[in-house]
Amino acid sequence: MVDEIGVDGVLTTALEGGKDALVPILRDEELDFAFWRPSLTLRRDRLGVLEPVTRGASRLPSGPGLLLVPGRAFDTAGRRLGRGQGFYDRVLARLPADIVTVGVGYSEQIIAKVPTALHDRPVAALATDQHFEWCSA
């Protein structure tokens with residue numbers, strides 16, 4: 001989204017390293033994922049998230065791999081505050097164990113403690129514009 005940190009460089013580096021890069025697509029109130037390439041045409045979906053115009057094959061990420069997870073706020077225990085619709089929490093609950101989850105955002109989005117609900121799922125690490133750290137939980 002327009003207020004989230006850009007991750008195009010990470011996606012490009014993954015492709016250059018021979019890895020697949022996937023981007024989220026909202027389908028029937030659930031997140032799905034499609035393969036990404038720098039030449040892919042994107043448009044904003046109904047929530048303002050960039051997604052591929054030509055969706056092609058989609059799937060839940062499978063490992064081993066890395067899933068970048070956006071959020072409004074994070075804490076060092078890996079708790080994250082999303083946008084309130086649970087899209088990423090549902091994905092995180094279904095991921096294979098060999099997918100490493102990394103919350104991505106700006107350093108000012110790291111706060112002392114993020115409030116959580118039973119359905120909330122933590123991330124394993126945090127990557128901001130200024131640092132990377134493994135979460136303590």
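The model is a predicted one, in which local features need pLDDT of at least 70 and side-chain atom pairs count only at pLDDT 80 or more, while totals for chains, interfaces and linings use all residues. Residues are numbered from 1 along each chain as its sequence is written, and side-chain values use heavy atoms, with hydrogens and water left out.

Four strands make up an open sheet, in the order β5-β8-β9-β10, and the pairing is mixed. Strands here are DSSP runs of E with at least two residues, helices are runs of H or I with at least four, and both are numbered from the N terminus. Two strands pair if DSSP finds at least two bridges between them. At the edges sit β5 and β10 (132-134), each of which pairs on one side only. On average, neighbouring strands of this sheet are turned by 25 degrees against each other, direction ignored; axes are lines fitted to C-alpha atoms, for helices over the stretch in contact, and angles run from 0 to 180 degrees between N-to-C directions.

Within the sheet, β5 and β8 run parallel and are joined by six bridges, with P70 standing opposite V104 in β8. On to the next pairing: β8 (residues 99-104) and β9 (residues 125-127) also run parallel, joined by three bridges. Here G103 stands opposite L126, and the bridge partner of V104 is A127. Five of the six residues of β8 are buried, so this strand is largely enclosed by the rest of the structure. Buried means under 20% relative accessible area, exposed means over 50%, and partly exposed is in between (1.4 Å probe, protein chains only).

Helix α2 lies across β5 and β8, running at about 160 degrees to β5. Its residues F87, Y88, D89, V91 and L92 are buried. The buried residues of α2 pack against β1 (22-27), β2, β5, β7 (80-81) and β8.

In soluble globular proteins, nonpolar side chains tend to be buried together. A nonpolar core is a set of buried Ala, Val, Leu, Ile, Met, Phe, Trp, Tyr and Cys residues joined through side-chain atoms within 4.5 Å. The largest one holds 15 residues, of which L31, L67, V69, V91 and L95 touch the most other members. At least two residues each come from β2 (30-35), β5 (65-70) and α2 (87-94), and α2 gives the most, with four. Leaving aside neighbours within four places in sequence, V69 is in contact (heavy atoms within 4.5 Å) with F74, R80, Y88, L92, T101, V102, G103, V104 and V123. There is also a second, separate core of five residues, including L11, L15, V23 and W36.

Now for the aromatic rings: the structure holds one aromatic pair. The rings of F132 and W134 have centres 5.4 Å apart and planes at 90 degrees, so the pair is edge-to-face. Rings of Phe, Tyr and Trp (its six-membered ring) pair if their centres lie within 6.5 Å, and planes under 30 degrees apart count as stacked, over 60 as edge-to-face and the rest as tilted. F132 is partly exposed, with a relative accessible area of 45%, whereas W134 counts as exposed at 55%.

Finally, E16 lies in helix α1 (residues 8-16) and counts as exposed, at 66% relative accessibility. The C-alpha atoms of E16 and R43 are separated by 24 Å, with the two residues 27 apart along the chain.
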